Amino acid sequence: MRTKALILGAAFVAAGVASSMAQSNVYSLNIVGYVNVPVPAGFSILANPLDDGLSDTNVITTVLATNIVANSQVFTFTPSGGYNSTVESYFADFGWFPGTTHLAPGTGFFFFSPTATNITFVGQISAGTYTNTLAANSFNLVGSVVPEALPPGVPGESSTLGVPVTANDVIYRYNSTAYAAEGGYDTITYFQGFGWFDSVAGGGSTNGPTLNVGEGVFLFSTAGGNWVENFSVN
């Protein structure tokens with residue numbers, strides 16, 4: 001059952017139905033809980049892997065409400081407008097300000113932390129089909145809509161995220177320390193007839209490297225379209 005490899009430090013309770021969890025099994029069609037994601041000091045790119053299930057439509061004050069270090073910041077991006085002028089800042093005695101940013105599942109964002117820590121996403125995930133719409137001929141700051149640690153792959157390829165791609169689409173994976181020689185980004189390019197080529201790994205799996213739960217990336221998509229993911233708990 002894939003879920004055991006996908007949820008990082010998650011704790012779950014059933015929502016409306018009986019559930020149980022062992023290291024290898026989760027029984028529920030509607031799971032709520034949290035995902036712990038380690039972040040370094042400085043910048044990283046994250047993506048919300050859970051839905052808060054509330055009418056606030058995943059506002060930052062709910063999605064990122066636990067284990068946030070004072071003076072952390074969040075920067076968001078849209079294909080049409082680039083980096084948004086609203087920067088969210090976290091104050092120890094107040095919380096997020098202005099606290100109005102919405103981070104829907106699959107939305108990527110830059111996260112700045114003064115120190116290395118583990119932040120916590122809070123929300124839920126139900127079995128079903130999920131869609132993240134990609135803009136064409138644009139950079140999309142995105143991540144998996146569901147908490148799955150898998151390589152990008154292509155649509156229809158099992159045990160991958162099924163990212164829709166065309167020739168020469170590129171994933172930019174950020175880590176200022178690990179990819180310092182590449183300007184902070186590992187570029188993972190899709191070549192027709194081959195698959196994904198990882199510039200840092202020098203090839204590797206044609207499905208690309210595994211993207212972590214809660215990790216965001218820049219995806220330059222030529223054709224755009226719907227990134228469709230299916231989540232199952234059995």
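The protein chain holds two helices and 17 strands, assigned as DSSP runs of at least four residues for helices (H or I) and at least two for strands (E), numbered from the N terminus. This is a predicted model, in which local features need pLDDT of at least 70 and side-chain atom pairs count only at pLDDT 80 or more, while totals for chains, interfaces and linings use all residues. Residues are numbered from 1 along each chain as its sequence is written, and side-chain values use heavy atoms, with hydrogens and water left out.

**Whole chain**
- Of the 234 residues in the protein chain, 46% are buried, meaning under 20% relative accessible area with a 1.4 Å probe, protein chains only.
- The accessible surface is about 10,500 Å², with 54% of it on carbon and sulfur atoms; the areas come from the Shrake-Rupley method with a 1.4 Å probe.
- Among contacts (heavy atoms within 4.5 Å) with a separation of 6 or more, 68% link residues 24 or more positions apart.

**Strands E12 and E16**
- E12 spans residues 138–142, and four of its five residues are buried.
- E12 runs antiparallel to E16 (residues 217–221), joined by five bridges; two strands pair if DSSP finds at least two bridges between them.
- In this pair, asparagine 140 sits opposite leucine 219 of E16.

**Hairpin of E14 and E15**
- E14 (residues 185–191) and E15 (residues 195–198) pair antiparallel through four bridges.
- Threonine 189 faces phenylalanine 197 of E15 across the pair.
- Three residues lie between the two strands of the hairpin, and glycine 193 has a positive phi near 85 degrees.

Key: Buried < 20%, exposed > 50% of the residue type's maximum accessible area, 1.4 Å probe, protein only.
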